Amino acid sequence: MSCKSPVIVALDYEKQADALALVSQLDPSLCRLKVGKEMFTHLGPQFVKALQQRHFDVFLDLKFHDIPNTVAKAVSAAADLGVWMVNVHASGGSRMMKAAQEALQRFGDNRPKLIAVTVLTSMEQQDLTELGITLTPAEQVMKLAGLAAQSGLDGVVCSAQEASMLKQQFGSAFQLVTPGIRLADAAADDQRRVMTPSAAKAVGVDYMVIGRPITKAADPLAALQAIIAELV
Ligand SMILES: O=C(O)c1cc(=O)[nH]c(=O)n1[C@@H]1O[C@H](COP(=O)(O)O)[C@@H](O)[C@H]1O
C-alpha cells in the first residue's frame, strides 16, 4: 500500500532507541520517514533497513554535493539500499545532477525519486549575501530549480514560500519537498523560511518534511496526528 500522507517525519534523534520508540507508534500509512546525516552517521544502512522492514518509505537525506562521478556512485548506493527518495545539492551544478540522474536509470521503476536541494530553509538574504550571491532567496531557488529541471530531476527541496511560483514555472509534476514547516506561533528554531502545514498544502507542496515539531513534542504521535488533521 502506498502512503497517501504528504508528511515525512525527520528522524533526527541521537539514539536509535529514541527513534524506534517513535517509529513503533507510527503506521506507514500516516507518514514516510527521513534519515539524515546525524542518524546515518551514527547507524548507517542497517538503520534504513530496519525502517524498511517496518514497511516505511525512507527518504535518505544525505544532500550529496561532490564531483559528478562521486555523486553518481553515491546515489546508486542509495538506490541499492532501496530508498524511496534521495537528494543532492543543486549547487553542485547541472553536470553533477545529470550524472546522478543517469546513474539511476538502470534501476528502472525501482529507482528512488531524485530531488535537488535549492536554498536551505535555514537561509535568508544575509546568508546568501555573505556567500557572494546577490539574488534574493526566491530568485536563487528559481535559478537552481531550473537547473534541476533541465537535468531531469524529479523535483526540489525548497521552502513552502517558493512553492506557488515553482509550480507555475515548472508544472504540477515537478515535485516540491518542503522542510521549514512550523505550526502557527511555534518556535522557528534555526529555520528561516517557514510556513504552517495547512498553508503549505494550499500552495501545492507535495511533501512536507517535519522534524522537531514532532520529535521534540511531549507526545510526538499526538503532534503528528494534529498536523495530519490540519491537512484533511
Ligand atoms: O533536505 C532536507 O531535508 C532539508 C533541507 C532544507 O533546506 N532544510 C531542512 O531543514 N532540511 C531537513 O529537514 C529537517 C527539518 O527539521 P525540523 O526543522 O526539525 O522540522 C531536518 O532534518 C533538515 O536536515
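Here is a short walk through this protein chain, from its overall build down to one strand.

First, a bit of housekeeping: this is a predicted model, in which local features need pLDDT of at least 70, side-chain atom pairs count only at pLDDT 80 or more, and totals for chains, interfaces and linings use all residues. Residues are numbered from 1 along each chain as its sequence is written.

Let's start with the whole thing. The protein chain has 11 helices and 8 strands; these are DSSP runs numbered from the N terminus, with at least four residues (H or I) for a helix and at least two (E) for a strand. Its radius of gyration is 17 Å, close to the 17 Å that the globule rule gives for 232 residues, so the chain is as compact as a globular protein of that length. That radius is taken over C-alpha atoms, and the rule is 2.2 Å times the number of residues to the power 0.38. Of the 232 residues, 41% count as buried, meaning that 20 or more other C-beta atoms, placed from the backbone, lie within 10 Å of a residue's own.

Now zoom in on strand S1, residues 7-10. In a regular strand the side chains alternate between the two faces of the sheet. Here Val7 and Val9 point one way, Ile8 and Ala10 point the other way, and all are buried.

Who are the neighbours of S1? S1 pairs in the parallel sense with S8 (residues 207-210) over 3 bridges, and isoleucine 8 has valine 209 as its bridge partner there. S1 also pairs in the parallel sense with S2 (residues 32-35), again over 3 bridges, where valine 9 is partnered by leucine 33. (Strands pair if DSSP finds at least two bridges between them.)

Methods: A residue is buried if 20 or more other C-beta atoms lie within 10 Å of its own, exposed if 12 or fewer, and partly exposed in between; C-beta atoms are placed from the backbone.
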